[in-house]
Amino acid sequence: MKIEYFKASGLPYREIVERCIDPMRSKMRTRTMILLTVCALLVLNGLWRYYVQIRLGLGQAGYTMPVYWATYIVTFVFWIGVAHAGALISAILRITGAEWKSSVTRMAEVLTLFTLPAAASFPLIHLGRAGIFFYMLPLPTERLLWPNFRSPLVWDFFAISTYLTGSVLFLYVTMVPDIAIIRPWFKGWRNKVYTILAWDWRGTQEEWRRMKEAAALFSVVILPVVISVHTIVSWDFAMQMVPSWHTSVFGPFFFVGALFSGMAAVVTIMALFKWTIPAFDPFFTKQHFDFIGRVWMVLGLAWGYLYFNEFIPEYYANEIDKDDYMQWMAFSGRFGFTFWGMIICNVLLPFVCLAFKEFRETVFPMFVLSIFVNIGMYLERWNIVIGGLEVWNPLAYNTSLYVPTITEVSIVLMTFGGVIFGYTLFIRVMPILPIWELLETQSRQTVKEFAGEKVYYFKSGE
Amino acid sequence: MSATQTAGVETNATPYPVPIYPDTQWGMTIDLDRCTGCSACVAACNAENNVPVVGPDQSARGRNQQWIHVQRYWHGDADWKDDDPHVRAEYAPMLCQQCGNAPCESVCPVFASSHSTDGLNQQVYNRCIGTRFCANNCPYHVRVFNFYDPYFPEPLPEQLNPDVTVRAAGVMEKCTFCVQRIRRNELDAKVARTKAADGLLRTACAQACPTQAIVFGNLRDPDSAVTQMYESNKQRALRVWQHKNTDPHVIYLKRVEENEDRIL
C-alpha cells in the first residue's frame, strides 16, 4: 500500500497571508449582499413572531397535551450537535498533531461561536414565562432559594455556559497572532480595532511559547467540557420517565451524533469556501476532504451502532412501551418518513459513499452528503423528542398529535438566518483561516527523496 | 414508618430519603365500583379551582384544561353491536396522584413543584417559569399548561372562586387536593382552638360525587373516613403505575367482578 503524505500548499509566505485576508479586503459582492439581506429578513421575521409569542402565550407554538417539548427542543439539540464541530476539529486534531488540521481549525471554532448561542437561545424561547428565566440561575436571593440542582436543566445551563466561555477563549487565544499579522494591512477603524485585539503582540519567543502552551492547555481542558455538554443535553431526556428516552446509552449516543453532525457541518463549509472564495482554494485540497471523510465515516458507523444499541436494553428488559415506540416509528405512516429518512441519511448513505476514496476526494458529492447527514440528524432528534412524547400514552387520554406552527418554523429559520449572517460577516472582519498555523505547517514541511520516491515529512515544532 | 406503609401498599425499596409526614398525610380513595362516569367531579373541580375554559379550537388541539378527567375504557369484543350485553364502559377518574416520590419535583429547575410536610405535591405558580419539564415526566399526564391567558366567557366570571388564584399564561398547573379548603380548615380550627377535624373537610370532587366514590381525608388518622374506606376494602386497593415507584397518595379500589359475564 502506498503511503500518502500530507502536502502543504507550497505557496510563498506573503501569498499565504494575502490569500487568507482576501475576503477581508475584497468588496462585497451582490450575491453576498442578497444572502445577508435574506438572513436579516429571516431574523426580523423570527423576532416578530417571538414577540407575538411572548405577548399572547406559548399557544402560538404547536404544543399539545402530551407533546410539551417540540420543535424548539429539536432545534436546540441540532444546534448543539453542530456546535461540536469546533471542539472536535480543534481539540482532537491539535492533540493528535494532525498536520492537515491548520486550514479547518478556526472555521470550525467560529461555527461553534455562532451555533452555540443559537442553541442556547432555544431553552429560553420555549419557556412559558421567558421574562423570569433567571430563576434558573444560581443568583443569591434574600430567601436563600437556589435552583434545584437535581434538575438536568440546571446542569444544562452550567454546561452550555462553560462550553461557550471555553470555546470563545480557545478561539481568541489562537487568533491573537493572526490579528497582529493582519494589522499592518489595514488602515482606519479596522487598524484601531485590531491594535486593541492584538494585545500589543510583538512575536517574541516568550509570547509564542505562552500562546502555544495556552492553546495546548485549552485543547486538553475543553475535551471533557465538550463531552459533558452533549451528555448533559442527552440527560435532559434520559433522566425522564418517557420510555424511549429513559436509557443510559443516551449519553454516548448523543455525543457521537453531535460529532457526526459537526463533521458534516465542517464539510459543508469547506465546500462552500472552496467554491465561493477562490483565494482559499489551495488550502482545501482533496486530501483534506479525504482525511475528514475518514473521520466522518468512523463516526457514522459508531452512530449507527449506538442507535441500534439503544433498542437492545429495552428489548431485553421487555419494555412494552418501547416496542410500541419502535412499531410506531418504523411502520406507522406518521413517523415512517422521518424514521426511514433518518436511517437512509445517517447510516446507509454515509456508509456506502464514504467507503470509497474517489467519493471522499470529490467536493460536490461530499457537499451533498453533508447536507443529507445534517437533515438526517435533524430527523433523528425529531423522532426522539416528538416521537417519544407522542407514543407515551399509558392511560387512555391525551392522544393529540403534534403539528408545528408558522411561529415555530419562523423562529427556527431565525436561528439559521442568524448563524449564516454572523458567519458571513465574521469572514469579512476576521481571518477565518489561521494564518500563523498555515505558515508554520509550511515552514516545517521538508521533502526528501528515498529510493526514488518523494517523502514529505514535518520537522518537530519546538 | 414510611408513607407507603401507612397506605398499606408495598412499593420497591428506594435509596432516596422517604418523605416523612408527622401527623397528616392527605390522601384519597376512589371506588371504581361506584363510579358511574357522570363527570360531576370534573364540573365541580372546574368551578372550585377557577380552571379556565379554552374553547373548541384549543380543545380540538388537545389543550383542554381539566385537573381531573374521567377516563373511559371499553370492555367487550372488537366487533360489537349496539345491543350487545357483554360490551360495557368502565370509568376511572384521573387526577394528580400527589406522589410521595414525585417525578415532577426532581426535574423542576426552580422548585416550582415541591413537596409539603402534609403529603401534598404542590405547584408554586409564582415560581413557575414554564419549562414543562414536569409535565413530560409525569406518567399520569395530569399536569396542564396555560398556553394562553385564562379565559372565562360570560357568565362564568360570576362564579369564580375568590379563594383561588387565577394562573397566568405560561404556567403549569394541576390538582392541588383543594389546598385552599385544607388551609381554611386549619385556620378555622386554630380560631376555634380545636384540632382540625377530618370530617369537616372534603375536596370539590368528593363533595360533588353523587355515588360518594371519592373519599378524601387524612391517611395518618386511623379514624378518618379515607382510612376506614381503605382498611375495609384492602383486597381491592391498587395504585396506578406502582412499579414506577412514584408512591401515589390516591388509592383506587377495584371494580367488583362476580364473573366476566355479569351484565352491568
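Me: What makes up the contacts in chain A with a separation of 6 or more?
Reply: Residues 24 or more positions apart account for 79% of them. Two residues are in contact if their C-beta atoms, placed from the backbone, lie within 7 Å. This is a predicted model, where local features need pLDDT of at least 70 and side-chain atom pairs count only at pLDDT 80 or more, while totals for chains, interfaces and linings use all residues. Residues are numbered from 1 along each chain as its sequence is written, and chains are lettered from A and ligands numbered from 1 in the order in which they are written.

Me: Why are α4(A) and α9(A) called roughly perpendicular?
Reply: Helix α4 (residues 71-96) of chain A packs against helix α9 (residues 250-276) of chain A at about 80°, with the axes 7 Å apart. Axes are lines fitted to C-alpha atoms, for helices over the stretch in contact, and angles run from 0 to 180 degrees between N-to-C directions. Under 35 degrees counts as roughly parallel, over 145 as roughly antiparallel, 65 to 115 as roughly perpendicular and the rest as oblique, so the two helices are roughly perpendicular.

Me: Which residues meet there?
Reply: Among them are Leu88(A) in α4(A) and Met263(A) in α9(A).

Me: How do you know that β1 of chain B is mostly covered?
Reply: Six of the six residues of β1 (residues 26-31) of chain B are buried. A residue is buried if 20 or more other C-beta atoms lie within 10 Å of its own, exposed if 12 or fewer, and partly exposed in between, with C-beta atoms placed from the backbone. Both faces are covered, with Trp26(B), Met28(B) and Ile30(B) on one side and Gly27(B), Thr29(B) and Asp31(B) on the other.

Me: What makes β1(B) and β8(B) a pair?
Reply: Pairing takes at least two DSSP bridges, and five join β1(B) to strand β8 (residues 214-218) of chain B, running antiparallel. Trp26(B) stands opposite Asn218(B) there. Four bridges join β1(B) to strand β10 (residues 250-253) of chain B, running parallel.
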